[in-house]
Every structure is written in structure tokens, then in C-alpha cells.
Amino acid sequence: MATPSGVHALVRRSHEERVLRVLRQNGAQSRNEIASRVGLSRTTVSEITSDLLVRGAIKVVDTDAVERVGSGRPAERLALDPGSGQYMGIDFGHRRVNVVVADAAHDVIASGTSRYDESAQWPERLQTALALIDRLSADTGVHYGALQAIGIGVPGWGDHSRADGVAELFAERFHAAVIVDNNVRFAGLAEALHAQSDSVRDLIYLRLSDGVGGGLVVGGQLARGHKGFAGELGHVTVVPGGAQCRCGKRGCVETVASVPAILGRCRELGVPVETLDDLKAAVEIAHPVVDQVLRDAGAAVGQVLGTAAMTLNPSEIVLGGDIVKIAPTLLQQVKATITYELSWLTDAAPVVRPALLSDDGGALGAIAALFHESPLLAGYEANVTTDGGRQWP
Ligand SMILES: [Zn+2]
């Protein structure tokens, strides 16, 4: 397949999007109906629809013979193929994989989650994902024969050999282009796309989970930085000489504000909390020690985010992770500290809010990264692999 380039490709994409939108909104249509609805010539619509038919994004459903008045050959009516997966987003977390499949109109047509043990190695995680993808197809009738591209979020940072291996496996299996990137960064992208305001151009996302990771949207684009570390705020030092961090340093944000760090600190102070549920129960009775631990963690996170806000001047700061939902004190303290950090600036305070998306954020962000028309992705470069037939972007 020849890949159109430059302005021609952009125009073609936007025409294609308009055709797909008409089919999504109006159901089956003839080519003439599509042409009049989108205001394009019949020739242009024919070109676009034949390409979409080849890709399996749409199909011929019937002809207009029944309702046709007058003479002439009945016209074929075209519709979105409801079972044709065109884009797949995959998010490998520490303990589970999420898969989301979208059709040509970018609507999610299948999604699911499978769990694995935290100690599971990559071969097992990949097999779990592939089994989930097969099961989704069996359960929903969605098929992957026309898959355009796959976005895959993986935890951690900077492990290019793993990212390349994962990309290769999925590209070979599905004959689709694959991009692989940090799953927390993809979750940040999903938050920017789902923000209340339509025009979030600058956003900081930080997720407090088993680790603390982040992502930046800068000037309307997902930022990777020089080597892909942009937004790794979890490893800013907040307690000089503090607890050992898994990155090798001491006293990182992650050592005071990750879920294990918060639970561990509570236990050190004599509160026997092993899980987030235990923590939730302690929060519900307003346990003063737990409250203080959460405030300390929130202050550390707020200090780092306040500093980051002075660098980026974002309109929104988003805090993700289950602990943010169950411990309101944490978010309150983060907000209070950011407000203090930025108190000398008038009107510059960002909106600080919890994540809107739950655990699916990474998979949705990965799939959003594939929607080439998103202005957030302009100029974005991630690990890219191509198969013989298609090129990406
Ligand atoms: Zn660290």
C-alpha cells in the first residue's frame, strides 16, 4: 500500500474521518448519500470508500433497490464493519494486562482485563495478553484481520530491548504497525484527551501506585524528552539521605509516596496496614497516624509538582492511582502544597484533580496514540516498528 505523504495525507485523513463519521452517525449509506453529506465529490468518496473496504473498516451491507424510485442500477450501501478491530491498545501493568479494541470510527468495541502474578516474567505476561485478545474475539465476535496499528504501554523506563521485543512479537502476530511506550505516559495522554476543557495544552500527570511515574503533555504534545525520561518525577529527591529507592538513589518521591512506601511507613508507626483495603478502613475512622503519613506523602508530592509547575506552567495537574481515590487527605495535601508553592504567582495556579480514568487509562491512551489525527500526537516519536505492508505513521 502506497503511503500518501505531507499535505495530501492530512487532507485524505480528514476526508476519511468525515466519511467514517457519516457512517457512524447515519448507519448504512450509498456513496452518493455519503458524498452529499460530507460535501465531497463522488469520485473522491469512491476512492476513500474503496480504500476503507480493502482495509476491512467498512463493508457493503445491501443495496438501495427496495427504496429506490425510478430506473437505474441499485446502489450499494456501505456501513462500518462493527466487528472489525482497527486499533488495539494494550497496557501491561504490574499485576494485570488491559486490552481495548476500537473500530474505524475510533469507538471502543471490545475491552477486557486479565491478571497475572506480580512475579510473572515477560513471556508469561505476553501469553496472558494474547490469550485475552483471543478470548475477546471469541466473546464479542470482534476480529483482527484488518488491524491498522497496536499501541502498547509497558511499565518502567528506558528498557529498549524489552520494548523492541514486545513490538516485534505483536507486529508479527497481527501484521500491524506497533508503538510501545511507558504506560503511565499513555495514561497521561488519555487524561489530557478526556479533560473537561477541550484545550488542555500543558498537563502534568503523576500516578501513585506500586511506583510513582508520570507523563507530560507540553504545548499540546505528549513529551518524551531526549531519551524518553520526560515526566519521571517519581525519582526527584525529597528526603536527602532517606530510604533506599529501587532506582539506586535515596529519598526519592517514590520512597515516601508510592503505595508500598505509605503502607510501610504506617506499619513503622504501629498501624498494621498490609493492603489498600486496610488503609481505606484506617482512613474511614480518621486514624491520626495514617492521616499524618498521608499528609507527609502529599506534601512531598505537592512540593515536586509545584516545582514542576514552575517549569511547565500547566493548566492541569492530574493525580492518578487507586490510593488517591481512597485517601482524600492525600489529594488535599498535594493541592495545599502546590497552592503554597505557587502562591507568589497570581492566576497561575493549575487545576489539581484526581484522574478521571481508572485502570483503563493506559490502554485508552495507547489507542489514542494511534489515532493519527490527534493534534496531541503531532510530531510524536515513540518506538516504531513497521511490517512489510504498512508504514507508520
Ligand atoms: Zn528513585
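Trainee: In what sense do β9 and β12 pair, and over how many bridges?
Mentor: Strand β9 (residues 203–208) pairs with β12 in the parallel sense, over five bridges. Pairing here requires that DSSP finds at least two bridges between two strands. Strands are DSSP runs of E, at least two residues, and helices are runs of H or I, at least four residues, numbered from the N terminus. This is a predicted model, where local features need pLDDT of at least 70, side-chain atom pairs count only at pLDDT 80 or more, and totals for chains, interfaces and linings use all residues. Residues are numbered from 1 along each chain as its sequence is written.

Trainee: Which residue is the bridge partner of Leu206 in β12?
Mentor: Leu319. In β13, the bridge partner of Leu319 is Pro354.

Trainee: How many bridges join β12 to β13?
Mentor: Four, and β12 and strand β13 (residues 351–354) run parallel.

Trainee: What is the strand order in that sheet?
Mentor: β11-β10-β9-β12-β13, five strands in an open sheet with mixed pairing. β11 (221–223) and β13 stand at the edges with a single partner strand each, so one side of each has no neighbour in the sheet. The twist averages 20 degrees from one strand to the next.

Trainee: Back to β12. Is it buried or exposed?
Mentor: Strand β12 (residues 316–320) is mostly covered, with five of its five residues buried. Buried means 20 or more other C-beta atoms within 10 Å of the residue's own, with C-beta atoms placed from the backbone.

Trainee: Which way do its residues point?
Mentor: Glu316, Val318 and Gly320 point one way from β12, and Ile317 and Leu319 point the other way. In a regular strand, side chains alternate between the two faces of the sheet.

Trainee: Which strands does helix α6 touch?
Mentor: Helix α6 (residues 183–193) packs on the sheet and touches β9, β10 (212–218), β11 and β12. Contact means C-beta atoms, placed from the backbone, within 7 Å. The direction of α6 makes about 45 degrees with that of β10. Axes are lines fitted to C-alpha atoms, for helices over the stretch in contact, and angles run from 0 to 180 degrees between N-to-C directions.

Trainee: What about α10? Which strands does it lie across?
Mentor: α10 lies across β9, β10 and β12, running at about 160 degrees to β9.

Trainee: At what angle do α6 and α13 pack?
Mentor: About 75 degrees, with the axes of α6 and helix α13 (residues 361–368) 7 Å apart. That makes α6 roughly perpendicular to α13, a label for angles of 65 to 115 degrees.

Trainee: Which residues meet there?
Mentor: Phe186, Leu189 and Leu193 are among those in α6, and Leu364 and Ala366 are among those in α13. The contact of α6 with α13 has eight nonpolar residues, five polar and one charged. Nonpolar is Ala, Val, Leu, Ile, Met, Phe, Trp, Tyr, Cys and Pro; charged is Asp, Glu, Lys and Arg; the others, Gly among them, are polar.

Trainee: New topic. What is the order of the sheet of three strands?
Mentor: β1-β3-β2, an open sheet with antiparallel pairing. β1 (29–30) and β2 (58–63) stand at the edges. Two bridges join β1 to strand β3 (residues 76–80).

Trainee: Which residue in β3 stands opposite Ser30?
Mentor: Arg77.

Key:
Buried ≥ 20, exposed ≤ 12 C-beta atoms within 10 Å, placed from the backbone. Contact = placed C-beta atoms within 7 Å. Parallel < 35°, antiparallel > 145°, perpendicular 65-115°, else oblique.
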